[in-house]
Amino acid sequence: HRHHHIFSDTDADHHNSRKGFWWSHMGWMFEPIPAMKTVPRLSGDLIRDPYYRWLNKYFLFLQIPLGILLFWIGSLSDASSWGLVLWGIPMRLVLVYHVTWLVNSATHCWGSIHYESGDSSRNNPWVAALTFGEGWHNNHHAFPNSARQGLLPSQFDLTWEHIKLLNSLGLATKIRLPHHRKVS
């Protein structure tokens, strides 16, 4: 993600939208990704964080208790136990990945540009609805450190609403927002 922001929509960007929708959506994953060499340099803070290391290490293992729970729920109802497992794990992952990849592809192809960001990022309301606010992608590229991506009154950002709730509970601190004079 950080590499993409540095090189957005250039030849160095691994999901360069100027290569077309399907390339930026998922085609880039089928070739060697030179940007992977920069991961240690650009994400040292995440690599050092024990929580993110744990999630990365046990992601697939964590699907097992979910599968057992879904199978058990299916056995208590008229639903197919294996059907719930298939919908709850592989189908959910496929759907979530494609919705996430729409941020790489659709929001660099379709939508409105509100801020000059130096790339082709766009604000796309239907991607924003699917991604809880990440579809306000032009805003994100213009203000990459902002916790809030829906900056205009008409841009609903469900993630921002969650962050505000966590902040009111004292669970989110050091929240970054764009300077109010730059947002219009």
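**Notes on the predicted model**

1. Helix H6, residues 63-76, packs against helix H7, residues 81-104, at an angle of about 145 degrees. The axes of H6 and H7 lie 7 Å apart. The crossing of H6 over H7 is right-handed. The model is a predicted one, and the points here should be read as such.

2. On the H6 side, the contact is made by Gln63, Leu66, Gly67, Leu70, Phe71, Ile73, Gly74 and Ser75. H7 contributes Ser81, Trp82, Leu84, Val85, Gly88, Ile89 and Arg92. Sorted by class, the contact of H6 with H7 comprises eight nonpolar, six polar and one charged residues.

3. For the protein chain, the secondary structure consists of ten helices and zero strands. In sequence order the pattern reads α-α-α-α-α-α-α-α-α-α.

4. Along its principal axes, the protein chain has C-alpha atoms that fill a box of roughly 55 × 45 × 35 Å. Of the contacts in the chain with a separation of 6 or more, 46% join residues 24 or more positions apart.

5. How much of the protein chain is buried? Buried residues, taken as those under 20% relative accessible area, account for 36% of the 184 residues.

How values were computed: Residues are numbered from 1 along each chain as its sequence is written. This is a predicted model: local features need pLDDT of at least 70, side-chain atom pairs count only at pLDDT 80 or more; totals for chains, interfaces and linings use all residues. Side-chain values use heavy atoms; hydrogens and water are left out. Axes are lines fitted to C-alpha atoms, for helices over the stretch in contact, and angles run from 0 to 180 degrees between N-to-C directions. Helices (H or I, at least four residues) and strands (E, at least two) are DSSP runs, numbered from the N terminus. A crossing is left-handed if the near helix is turned anticlockwise from the far one by less than a right angle, and right-handed if clockwise. Contact means heavy atoms within 4.5 Å. Ala, Val, Leu, Ile, Met, Phe, Trp, Tyr, Cys and Pro count as nonpolar, Asp, Glu, Lys and Arg as charged, and the others, Gly among them, as polar. Buried means under 20% relative accessible area, exposed over 50%, partly exposed in between (1.4 Å probe, protein chains only).
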